[in-house]
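This report describes selected strands and helices, beginning with a sheet and ending with a helix.

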Amino acid sequence: MARALQLAERGLATTQPNPRVGCVIAREGRIIGEGWHERAGEAHAEVMALGAAGAAAAGASAYVTLEPCSHFGRTPPCADALIKAKIGRVVFAISDPNPKVSGAGARRLAAAGVMAQCGLLAARAEELNTGYLSRMRRGRPWVRVKIAMSLDGRTALANGVSRWITGAAARDDVQVWRARSSAVLTGIGTVLADDPRLDVRVGVPERQPLRVVLDSRLRTPPAARVLQSPGTALLFTAIDDVVRRRALEQQGARVECLDDSPLALGKVLARLAELEMNEVLVEAGPTLAGAFVRAALVDELLLYIAPTLLGQQGRALVELPELFDLDAAPRFNVLETRTFGADLRLQLRAA
């Protein structure tokens, strides 16, 4: 199963909207076939592993990081493929909460006389697919908020200048997180102040994340770089201004009106789930970042800390209302600390 998880990680940036899945087929402690799901619409991990094992798969054990599917989607059911190959036992790390599966894969295997077991290395399998599991279980994507700050907790100078607080190595790491994300989300304030691209520019990406702008009054300039980058940009607005909308659509943008001003973040995330977005990376200023925190919609923080001081006049990390009780303060647990050049990155999860 550990090997299957390693294989699944190879699809970290390519399987959207599908989960990342790996499969190993073994007999008497020896691997005879392995595979992983590379991208949506192509063969699933089980089918790849069965193809590698050939006739030797009969009577062997299959180790899969997610319950084999039991329905026809872009490809036929993997449970049927395992049964047809006469696999003797299937061990999967976690059940698939997709309503189209949700135990049906295991039941189909059992009905065919195939031993099915669940729970091996489950925690690692959960971590690999936090976004997909969140979308299926909670009806919203997994939300990461990325912030770069100085040692004294400032994200920019008082005049708004923030390029660059962190060094090149830390910025390259952000590109890795963008590549694995289904969508990168920002607010109109960041678009107007920084004119970001929000695309993946490291290596040769197979897929660009959806770029999402929250723009209640539809103020995004048609020449904004977020609209010019490769891939698709989606703007959520609260007004139906036909002239502005058409000008943006002529630049290739999609515009959707959600009626609420300011935009309700819960509705935004629910809509992104409908669009099959698994992981959303928020790259925004303190106002929007603070709004996500206040709404308890932040699952993780990616906090980059530069060894510099910007002073008390610099802009704050997030905008939050005044607190009068420490117990009411939002809390996070540290998952990982890493250095990138001179900078430190904290990966934190909501407590």
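Two strands are taken to pair if DSSP finds at least two bridges between them, and helices (H or I, at least four residues) and strands (E, at least two) are DSSP runs numbered from the N terminus. The model is predicted, so that local features need pLDDT of at least 70 and side-chain atom pairs count only at pLDDT 80 or more, while totals for chains, interfaces and linings use all residues. Residues are numbered from 1 along each chain as its sequence is written, and side-chain values use heavy atoms, with hydrogens and water left out.

Strand β1 (residues 22-27) runs antiparallel to β2, joined by 6 bridges, and A26 has I31 of β2 as its bridge partner.

## Strand β13

In strand β13 (residues 300-305), 6 of 6 residues are buried, that is, under 20% relative accessible area with a 1.4 Å probe and protein chains only (exposed is over 50%, partly exposed in between). E300, L302 and Y304 point one way, whereas L301, L303 and I305 point the other way.

Strand β6 (residues 142-149) pairs with β13 in the parallel sense over 6 bridges, with V145 opposite L301. Strand β16 (residues 343-350) pairs with β13 in the antiparallel sense, also over 6 bridges, and here I305 stands opposite L344.

## After helix α11

Just after α11, E276 takes a positive phi of about 65°.
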